[in-house]
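Subject: Structure handover

Dear colleague,

Please find the structure below. My notes follow it.

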Amino acid sequence: MRWARHLRLLMAGAVAASALFAAPAAQAVGPSAGQLTDLVNPFIGTENDGNTYPGAAVPFGMVQFSPDTGHNTGYDYSQNHIRGFSLVHLSGVGCGLGGDLPVLPTTGDVTETDYGRYQAEFSHDTESASPGYYKVGLKTGIDAELTATARTGVQRYTFPATDKANVLLNAGQSLHRTVSTKVEILDNRTVRTAITGSGFCQDTKPYTVYTITRFDRPFTTYGTWDGETVTTGSQAGRDGAFVRFDTTKDRTVEATTALSYVDARGAALNLRSEGGRSFDTVRGEANRTWEDRLNDVRAQGGTDTLRRTFYSSLYRSFLAPNFGSDADGRYTGWDQKIHRAKGFTYYQNWSLWDTYRTQSQLLSLLAPREARDMAISVIKIDEESGWLPKWGYGTVETNIMTGDPVTPFLTNAYQQGLLKGSEGYTARAYRALKKNADGVPPADSSAVGREANKEYIANGFAPYVKDRPHAKPGDSDYDHGASATLEYALSDAMLGAMARDLGHDADAARYAARSENYRKIYDSSTGFFRARDASGAFTGPADPAQSEGFHEGTSWQYQWLVPQDLPGMVDLIGGKQAANDRLDSFFAYEQLLEDPAKTAREVWVNGPYDYYNADKYNPQNEPDLIAPYTYLSTGQPWKTTDVVHAALTLFTDAPTGMTGNDDLGTMSAWNVLSSIGIFPVQPGYDTWGLSTPVFERVDLTLDRRYYPRGALTVTAPGTSDSDRYIRSAQVNGSSYGRTYLTTDALRGIGSLAFTVGDEPSEWGTSAEAAPPALN
């Protein structure tokens with residue numbers, strides 16, 4: 001490497017990347033200047049298909065009370081009409097779901113029942129949001145405010161002076177396919193609904209959401225509707241209800257809506273448990289809850305933009321999974337029977353193909369008690385339905401995405417020590433994972449599991465069978481045989497490591513051998529992974545940028561998804577020099593040095609759904625989120641910093657400031673971890689790769705039950721757009737030369753300190769410094 005030229009290129013790109021890095025600490029906008037919640041912008045990702053939502057929620061809450069503008073996942077910043085404020089949303093999903101019970105205040109006679117026709121216009125000039133709170137001024141002259149508890153949404157409407165102030169509760173329309181609905185006026189303050197829906201990308205088994213809404217004063221009149229027919233005075237209807245108030249004197253109406261996935265009794269119990277308080281009281285409690293959560297990560301230094309982006313990502317990382325159990329612990333399992341959670345909170349909503357790579361590790365670090373309950377909930381899904389989930393929504397399996405993402409999710413929980421205890425969860429998790437790894441769910445199960453497992457176990461690869469008919473909803477591993485093979489092999493490695501720890505030596509050897517199956521789809525004639533058909537022949541275009549059989553990516557983007565054995569992968573393609581040359585091409589490294597931000601936006605894959613026909617890094621999607629950290633294993637760790645910090649320029653504090661779909665916090669967690677400088681380079685194991693933080697200091701408050709020291713401080717004095725290369729590292733004051741830490745090491749240290757400079761160094765370049773292969 002010609003260091004002088006490298007430095008000149010770096011300095012030429014400094015201006016473009018300058019938004020990333022720290023201003024002097026004295027100028028930082030920090031806790032002393034206001035609350036951390038003041039730094040959060042819930043509108044980030046609401047435009048350009050980030051698919052986030054700006055509405056009110058508390059961490060992991062069952063309710064996400066947010067406006068719907070007509071976008072298929074709820075809210076789009078570029079639209080200017082609100083159809084209703086509904087109770088259920090997920091941050092960054094790619095298909096329509098949720099949107100249950102859109103509620104909208106109106107004035108005058110109720111003549112329309114289609115929310116696409118009675119929707120209200122608004123302007124962003126009259127709109128604001130913060131953690132746990134949303135407000136908008138509608139052009140009808142009505143102000144709407146939303147806040148939330150874990151299981152309720154609280155609304156406040158300020159009407160003009162009128163005797164026809166209405167609140168419409170539209171049970172018959174949502175973001176998913178509505179199967180059936182029921183609406184009841186219980187008394188002159190209370191409305192109850194039951195909404196059965198189906199679908200996420202494709203149809204699923206139906207699930208039911210129960211709601212009850214209690215207003216703070218009596219209606220003057222009310223009615224319900226079936227289809228387009230509105231009947232004043234009717235106490236029961238199929239599709240919706242309106243309630244009316246006289247606001248000629250008292251212009252404000254408040255209401256609390258409770259949610260349950262169990263039954264109407266559960267909704268009523270949640271209302272009694274969490275309702276009965278004023279809007280302002282609930283809003284204050286939501287804000288305090290978020291402030292307490294965000295305060296576990298205190299970053300010093302950085303520009304205002306960088307800090308807003310960071311804390312907004314941290315906020316989104318805590319939005320899911322979500323409570324599935326009611327206040328009394330009851331929940332609907334995947335067997336569609338009612339169960340009671342004892343000693344844990346039951347969670348639901350599992351975007352596992354996404355979150356196993358980043359968000360599950362972040363929660364294990366910052367919210368281990370909740371992460372433990374999440375892992376237990378997944379174990380319960382197996383015990384109650386017969387199989388582990390793949391992509392679960394509410395009380396049903398959707399089978400969206402492919403591979404075996406539940407295995408690294410649960411082995412991560414094991415490796416992070418979350419399954420310890422007298423309840424036997426470690427053994428129960430292992431039994432479920434072994435069944436999942438060695439079998440295929442039967443036809444009468446809604447799960448597809450490892451759909452191509454029979455062929456994979458027999459031949460070492462999942463065949464690519466394009467458009468193969470399949471009877472179950474969701475995606476098929478056969479349609480993505482090449483990437484499914486890589487995902488299965490990754491999961492086998494993680495399960496093998498768990499088996500070895502538990503003394504299941506035969507299983508450990510068998511899974512370790514299967515973890516080498518990535519080699520079975522390596523085509524030496526192209527030097528890349530390639531799909532095989534059912535006969536074993538390589539299939540699809542030889543050009544790896546045009547490859548087939550990879551889910552939401554190409555062979556270029558999947559080539560680094562071998563975190564269990566990067567040394568083996570590097571040898572396969574010709575050694576470290578060949579690997580570095582290929583990585584440099586993949587990241588357009590020379591261009592990146594000249595202009596990091598421009599390269600990230602114009603040379604890398606740019607667009608939330610641009611998955612195919614590319615030979616460059618795709619920071620917008622999950623398959624190669626780990627790829628920048630590959631340089632830690634090829635002797636050039638400074639390039640990890642270059643690439644990661646270029647990718648971080650894609651996160652901004654504007655509505656377009658999300659890289660692709662957030663996917664229940666996956667992208668947000670990538671931003672948080674990469675900004676701190678520790679990243680899970682072997683998802684499902686306990687390895688954290690190191691890179692230069694973008695903040696001069698980050699203080700993490702950790703749960704002493706899992707991290708006895710209770711805190712970790714990461715420092716990098718002087719880190720900036722030019723001085724961003726690690727010169728040396730210290731752990732608890734002692735020199736440290738490796739490019740990774742284990743979870744056990746994190747438990748025993750209180751400080752991780754980096755010395756940084758303006759050019760690469762020899763730090764981390766020895767063979768012993770790299771993360772080892774699992775085998």
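Predicted model: local features only at pLDDT ≥ 70, side-chain atom pairs only at ≥ 80, totals over all residues.

Residues are numbered from 1 along each chain as its sequence is written, and side-chain values use heavy atoms, with hydrogens and water left out.

Strand 17

Strands, like helices, are DSSP runs numbered from the N terminus (strands: E, at least two residues; helices: H or I, at least four). Strand 17 (residues 252-260) is largely enclosed by the rest of the structure, because 8 of its 9 residues are buried (under 20% relative accessible area, 1.4 Å probe, protein chains only). Strand 17 pairs antiparallel with strand 8 (residues 152-158) over 7 bridges; pairing requires at least two DSSP bridges. Strand 12 (residues 207-215) also runs antiparallel to strand 17, joined by 6 bridges. Ala 255 in strand 17 stands opposite Gln 155 and is the bridge partner of Phe 215.

The sheet with strand 29

Strands 28-29-34, in that order, form an open antiparallel sheet. Its edge strands are strand 28 (678-680) and strand 34 (740-742). Strands 28 and 29 are joined by 3 bridges, and Pro 680 stands opposite Trp 688 in strand 29.

Thr 687 lies in strand 29 (residues 687-690) and, at 4% relative accessibility, counts as buried. Its side chain makes a 2.5 Å polar contact with that of Gln 682 (N or O atoms within 3.5 Å, one able to donate a hydrogen and the other to accept it; residues adjacent in sequence count only if both atoms are side-chain atoms).

Regards

Definitions and conventions. Buried < 20%, exposed > 50% of the residue type's maximum accessible area, 1.4 Å probe, protein only.
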